[in-house]
Amino acid sequence: MATRPHTWQPRMVGGTDVTADRASRGHVAILLSLYNGEAFLNAQLDSFLAQTHADWTLYWRDDGSSDATVAIMRSFETHRGAGRCVEIDDDLGNLGPAASFHALLTRAPDGSFVAFADQDDVWFADKLERALARNADEAGPVLYCARQQLADRALVPIGLSPPLARSPDFPGALTQNIATGCTIVLNTAARRLLAAHAPPDGTLHDWWAYLLVSGAGGRIIFDEQPVLSYRQHGANSVGAAASVPRRAWRAARRGPALFLHLFATNIAALGAPGIPLAPEARVLVGDVRDALAGRARARIALLRHHPELRRQGRLENLVFRLWFVFGRGMPAGNAR
């Protein structure tokens, strides 16, 4: 196991962006994966039209809806969104959120920024403008994300998503996702990176984006100002907690097996041949993989050698360390 200290500074990868001319004009490909979203979809579509940054095209894919979602989208294409929509009709059926968004990502035009969108939120008017103001003129991968205004199903505010206690980096990405998908905007280099490497089974597209961009030495930008109303309605794919203690309590209720299984899955995926990790990230992935194969003593040693391997809050980090040292993963679903 490596014992030398690591510094986590972003580096530029991927070389010169040969299509920067289009990206520099600020065109955004909004990627929208849909599944039975009829209840809230029109409000989200209206918020796209209200953006102060108007140079965007909506790429959408239905993931097997049985309600009026497709009819709503076709009406939008014909009327108020005319000339701004591209339907991705790939006959792949229901893929689930991560694979559906990856299918959209591979069809996004090269040279554009990419913004992930959920069907049940409402974007603030300056969402794209804020993201592009912080995300332009870089050749290497950049992932922008932001806080959210949490709201009930009627869009009544119920609090803000938690602020960060420490800057986002690759060791932190291994332990916890802070990049909420509906706020993410990627530059061209990040889009190419993610399009070339699909997320592993069980890992959502937003966490994989955070892992891969930070692991490749790209830059993670976290905006402390909320950029949308994140509707909590009981049927969210993931949802959010308004406080760190509540988030830690939710994690504790899920138990260690789910998290440890996903943690090990991500480590295996990041260590696969062809994944373009920065040298210090590759060392950390190898050290974690070795520790996971060992007993509690090896895991304790890893945490001592890599104190940067931690979650955002103290309570959350305590839960993570206990689970990492003493837990055993087993097949399970998604965790954050």
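Is Arg-191 buried or exposed? With a relative accessibility of 7%, Arg-191 counts as buried, where buried means under 20% relative accessible area, exposed over 50%, and partly exposed in between (1.4 Å probe, protein chains only). The tour returns to this residue below.

**Before selecting anything**

This is a predicted model, in which local features need pLDDT of at least 70 and side-chain atom pairs count only at pLDDT 80 or more, while totals for chains, interfaces and linings use all residues. Residues are numbered from 1 along each chain as its sequence is written, and side-chain values use heavy atoms, with hydrogens and water left out.

**The whole chain**

Show the chain as a cartoon. It has 13 helices and 11 strands; helices (H or I, at least four residues) and strands (E, at least two) are DSSP runs, numbered from the N terminus. Of the 336 residues, 56% count as buried. The chain exposes about 14,000 Å², of which carbon and sulfur atoms supply 54%; accessible areas come from the Shrake-Rupley method with a 1.4 Å probe, and for residues only the protein chains shown count as cover. A contact means heavy atoms within 4.5 Å. Among contacts with a separation of 6 or more, 81% are between residues 24 or more positions apart.

**Colour by confidence**

Colour by pLDDT, the predictor's confidence in each residue, from 0 to 100. The mean for the chain is 88, and 84% of the residues reach 70 or more. Select residues 1–24: pLDDT stays under 50 here, and the model has 58 contacts beyond four places in sequence for this stretch. Then select residues 330–336, where pLDDT is also below 50. This stretch has 26 contacts in the model beyond near neighbours in sequence.

**The nonpolar cores**

A nonpolar core is a set of buried Ala, Val, Leu, Ile, Met, Phe, Trp, Tyr and Cys residues joined through side-chain atoms within 4.5 Å. The largest one has 56 residues, and Leu-31 and Phe-324 touch the most other members. Centre the view on Leu-31. Leaving out residues up to four places away in sequence, Leu-31 touches Tyr-59, Phe-101, Leu-104, Leu-105, Ala-108, Val-114, Ala-115, Phe-116 and Ala-117. Another core, of 31 residues, lies apart from it; among its members are Ile-30, Ile-72, Leu-150 and Val-185.

**Salt bridges**

A salt bridge is a side-chain nitrogen of Lys or Arg within 4 Å of a carboxyl oxygen of Asp or Glu. The structure holds 11 of them.

Start with Asp-110 and Arg-191, whose closest N and O atoms are 3.0 Å apart. Asp-110 is in the loop between helix H4 (97–107) and strand E4 (113–117), while Arg-191 is in helix H7 (residues 188–196), so the bridge links distant parts of the chain, 81 residues apart. Asp-110 is partly exposed, at 34% relative accessible area, whereas Arg-191 is buried.

Which parts of the chain does the pair of Asp-223 and Arg-130 tie together? Asp-223 lies in strand E10 (residues 219–223) and Arg-130 in helix H5 (residues 127–135), parts that are 93 residues apart in sequence. Their side chains meet at 2.8 Å, N to O. Asp-223 is buried, with a relative accessible area of 6%, and Arg-130 is buried at 13%.

Next, select Arg-166 and Asp-169, which form a salt bridge at 3.4 Å, N to O. Both residues are buried. Finally, display Arg-61, Asp-63 and Asp-90, which are linked in a network of salt bridges.

**Two loops with positive phi**

Most residues other than glycine have a negative phi. Asn-36, which is not a glycine, has a positive phi of about 50 degrees. Asn-36 sits in the loop between strand E1 (28–34) and helix H2 (41–49), and is partly exposed at 30% relative accessibility. Leu-155 also has a positive phi, near 70 degrees. Look for Leu-155 in the loop between strand E7 (149–151) and strand E8 (157–160); Leu-155 is partly exposed, at 28%.

**Last stops**

Select Asn-177, in the loop between helix H6 (170–175) and strand E9 (185–186). Asn-177 is buried, at 9% relative accessibility.

Cys-85 is buried at 18% relative accessibility, and Cys-145 is buried at 0%. A disulfide is a pair of cysteine sulfur atoms within 2.5 Å, and by this rule the count comes to zero.
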